[in-house]
Amino acid sequence: MQYGHFDDEAREYIIDTPATPLPWINYLGSENFFSLISNTAGGYSFYKDAKLRRITRYRYNDVPADSGARNYYISLMDGDAEAASPIETWSPAFLPAKTPLDSYRCRHGLGYSVFESSLHGVASSLTAFVPLKANAEINRLDVTNTNDFPIVLDITGSVEWCLWNAVDDSTNFQRNLSTGEVEIERNDDSTLLYHKTEFKERRDHYAFFGVNAATSGFDTDRDSFLGIFNGWDTPQAITEGRAHDSVAHGWYPIAANRVRIRLMPGERSSLVFTLGYVEVDPDEKWDGPASAGIINKRPAHELFARFNTVEKVDAAFRQLREHWTTLLGTYKVSSTDAKLDRMVNIWHQYQCMVTFNMSRSASYYESGTGRGMGFRDSNQDILGFVHLIPERARERIIDIASTQLDDGSAWHQYQPLTKQGNAEIGGGFNDDPLWLIAAVHAYLAETGDVSILTEEVPFNNAEGTQSPLLEHLRRSVAFTLTHTGPHKLPLIGRADWNDCLNLNCFSKDPGESFQTVENINTDVAESVFIAGMFVLYGGQYADIIERYGSACSMSTEQITKETASVRTAVRVMSETVETAGWDGQWFLRAYDAYSHPVGSHADPEGSIYIEPQGMCVMAGIGVQDGKAARALQSVTSRLTSEWGTAILAPAYSTYRIELGEISTYPAGYKENGGIFCHNNPWISIANALIGDDEEAFAIYRRNCPAYVEEHSDIRKVEPYVYSQMVAGPEAANPGEGKNSWLTGTAAWTFVNVSQYLLGIRPTLDGLSVEPHLPGGFDDLSVTRVYRGVTYHIALRRSGERTLSVDGQSVDGSTVPLPDEGVTTVNVLSTF
C-alpha cells in the first residue's frame, strides 16, 4: 500500500492523505536556521542548536501525535460584520483543526513543503521554506475563491514559543511560568509579535512571528487563545470568531495573527507569515533606555522586509530551487532504472545534506534535547556529503577535530552552538578517533586540499593546545595502538560503533545509562570491529603521510619511517584479526570483559554479528585466503531476509549483563536482531570488492526506500528517505521502520551506490571508475563534477574491464588528473 508517489520531474514526494502511518516529515533550512515539518505541518524550529536555541515548542509522546507547531485556521465567516461568526473552520494542512477536507495533498520538496487543500469552494496553498542566508521560516498562504459568489474568510496563523532551552522549557515550570515576555507591534500593513523571554538578562536574541497584512486581532497568551479544556484543534478564539488581543505575562506565550479577507468569485489573496530569529549586538539591545524594556527591532524589520511581498517570496523560493539544482548537478546517473535514478539524483543526496546539518540531534525520534553533534556520526556523514559543498565539510572537520582530547580519544558528542564536548555523555567510545581519519581522507580525495592538514586545531577547544590537523590524525592512530587487550586487538572502551554493546558496563540498576556508567574496566574487552577499522583507516593514514607528508614539513626520512611503522602495525593487526578474530566461518565480534568471545558459533544466541564481516572485508582482511568470501556467505545465509540484513542472529532472549543494552531489546528490534540499515552498505561494498555484484546490488535494493515504497503500510516511515532500523526477521512485526532521516545509513549507502556499485570513487590520485553492477544494467551514464572538472562517464557492459579517457586507453581504473585549464573529461568504462 502506498500513501503517495514520487514526482521525479518536480523533485517532490506527493502525499495524498494526511493519514500516513507516521508523520512523514521534511527539513527546511541548510545553514543556521532549521525547521522540521510534517505532512500535516507539525514540527518545530530552532537556530543552530535544537536544545539551546529552540524557537517553537514540540511535544514528544503527545496524543494525538504531531499536534501544535504551525497552526493555521481558515474560517468561513457568515458575514463581514465585526461580530461575524464562523460557519466552519479548517486547516490547510488538515491539522490542527482536523476538519475533513474536500481535497488534500502535501508536496515535500528539497528544502520546502507545500500543502494544497480545499473546502467550501476555497482552494488553499500553504508553502513553507527557509530562504537561503536568512534566519527565518516563510509560510506563504494563498487562498482562492472558486465559488460563484463572494466570501469572507478569517485567516489565523499561530505558533507556540519554546522558552529557548528545550530541556529547561519542559522541566523548570516553577520559573518558566513567570518569565514569558512579549511585545506587540501593530502597523497598518503588518503585525509583528515578538518573543523576548529572558532578553533583559543574559540573552541577546529574540524571535518574532509576523504577517504582511493588517490584522483584525492578535493573541500572545495561550490560555486566552485556547480557552478552558480546549486544544489546538478547537481554540476558543477560533470558535468565537474573534481574537482577544491578549498580552502574555508569564504562563505560556504564543503568537497568533488574525487577518480578514474578502474574496470575489475567482479572486485569490496571498499572505506571508514570517517566523524570524534575531541576534543583536549586546551594546544595542534596546530601543531607548533599557529600563523602558523596548527591544531593538531594527534587525527584525530588516529581516521581515526581505520577504514581506509575494514577489520577494517568489524570488527567494526560486533561489532555493536553483541552489538545489546546482548542488545535485555534482553527481547524476542516467540508467534504465527510474528508482535508482531518483534515489541517487535527488532523495539520497538530499538526505545526506540534511544528515550533515543535523547529525543525530533533531528529528521526530531524536528530540534535540540530549544529543548534540556526534563525533563518530558527523565524521561518517562527511563521507556522503563532501562532494556537495566541500568547503562546509572542511569547516565541519575542523569543528570535530577541535573537540578531540590530547591523548587522541574524543568526546562522543559536542553541542553545535558552543562547539564544546558534551560531558554528560563523555568519551571512551574507542572507535571515535579512527572516524576522523576516514573523514579527512575523504575530504583530501575529493578536493586535494592539503592545507587542511596544516590547519592549527586545538585539543578539547583549549587555548594554547593548537596543533596541525595531521597531528590529530597521528594521535588517533596512536590511541588505538596503545589501547589493546590480551589478544592484541583494540580495547572497546564504553562501546565501539554499536553503542549498545556495553562490555564494561555490568549494569544492574534500573534507569542507569548503559552508555555512561562503567562498573567494570579490566582493560580486557576487545573489539574485532575496531581492529578492522584500524586496518582500513590506518592504511588511509599511511597513504596520507606518504602522499602529503612533504607538504606538512616532514622530511623524506620522517615520511619513510612513519609510513613503514604504520603499515607494519596495519599488517600485524590484519594478521591478528585472521587468527584471534576468526571463528571458523565468520569474524568474531569482540571479546568480553572475561575474554570470552562474542559473536561466536559457540553461543546459541548472538552467534554472528554483521559489523565485523563488513568492516574487515572492506579493509581487505581475508580476501586472499577465502575467509572474506566465507564470512559474507555466512551473512547471506544467517542474517539476510527480504527486509535486509540483520545486525545479529539469533537474537538474545535474556538480559546478558556482560553484554549490556544490546540484550535489553525485544528480539528483532534495534541492536538485538534488528536490521540496522547503517551497516548493510558495508556488506554490499564487501560483496562488490570480492566480485559478487549480484548480491551487492540485492543488498542495496532491499533497503532502498524507492524499491520498497509499495510496502509503506508495513514500513510506516517515509518512503523517500532511509531509516536507521527496520524490524528484523525475529521481530513481531518484521519490516517495520523506525528512526528515519538522521542516520549514518544515508552517507554510507550513498558511498556504496555512488562509489562502489556505480563505481565512481574519488581517490588521492584522481577519480577511480570501477562499476559493480548486476545483470540488467548494461549501458549507463554518470556526470560527476570533481575538483572543478565535469566528467562525463559512460558505463557499458562488455565482459571485460577497460578504461579510456578522451578516447585514449588508460591502464588500471583511475582517471589521471587532467591538466590545468581542462573543464570537461569524457570517460568510457567497460565492465
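In this predicted model, the count of disulfides comes to zero. A disulfide is a covalent bond between the sulfur atoms of two cysteines. For Cys-352, the closest cysteine sulfur is that of Cys-704, at 12 Å, which is too far for a bond, given that a pair must lie within 2.5 Å to be counted. Cys-352 is buried, its relative accessible area being 2%. Cys-162 is also classed as buried, with a relative accessibility of 2%.

Ten strands form an open sheet with antiparallel pairing, in the order E1-E2-E9-E10-E11-E12-E19-E16-E15-E14. The edges are taken by strand E1 (4–7) and strand E14 (182–186); each has a single partner strand, so one side of each is left without a neighbour in the sheet. From one strand to the next, the twist averages 15 degrees. Strands of a sheet pair through backbone hydrogen bonds, either parallel or antiparallel. Within this sheet, strand E12 (residues 136–145) is paired with strand E19 (residues 268–279) in the antiparallel sense, over nine bridges. Leu-141 has Leu-271 of E19 as its bridge partner.

Helix H5 (residues 298–305) lies across E12, E14, strand E15 (191–195), strand E16 (205–211) and E19. The angle between H5 and E16 is about 40 degrees.

Several backbone features fall in loops. Most residues other than glycine have a negative phi, and most peptide bonds are trans. The peptide bond from Leu-95 to Pro-96 is cis, with omega near 10 degrees, and Pro-96 is located in the loop between strand E8 (86–90) and strand E9 (103–108). Ala-649 and Pro-650 are likewise joined by a cis peptide bond, with an omega of about -15 degrees. Pro-650 belongs to the loop between strand E31 (648–649) and strand E32 (675–676).

A positive phi of about 55 degrees is found at His-120, which is not a glycine. This residue sits in the loop between E10 and E11, and His-120 counts as partly exposed at 32% relative accessibility. Trp-741, also not a glycine, has a positive phi of about 75 degrees. The loop that holds Trp-741 runs between strand E34 (737–740) and helix H20 (744–757). With a relative accessibility of 0%, Trp-741 counts as buried.

Notes
Residues are numbered from 1 along each chain as its sequence is written. This is a predicted model: local features need pLDDT of at least 70, side-chain atom pairs count only at pLDDT 80 or more; totals for chains, interfaces and linings use all residues. Side-chain values use heavy atoms; hydrogens and water are left out. Two strands pair if DSSP finds at least two bridges between them. Helices (H or I, at least four residues) and strands (E, at least two) are DSSP runs, numbered from the N terminus. Axes are lines fitted to C-alpha atoms, for helices over the stretch in contact, and angles run from 0 to 180 degrees between N-to-C directions. Contact means heavy atoms within 4.5 Å. Buried means under 20% relative accessible area, exposed over 50%, partly exposed in between (1.4 Å probe, protein chains only).
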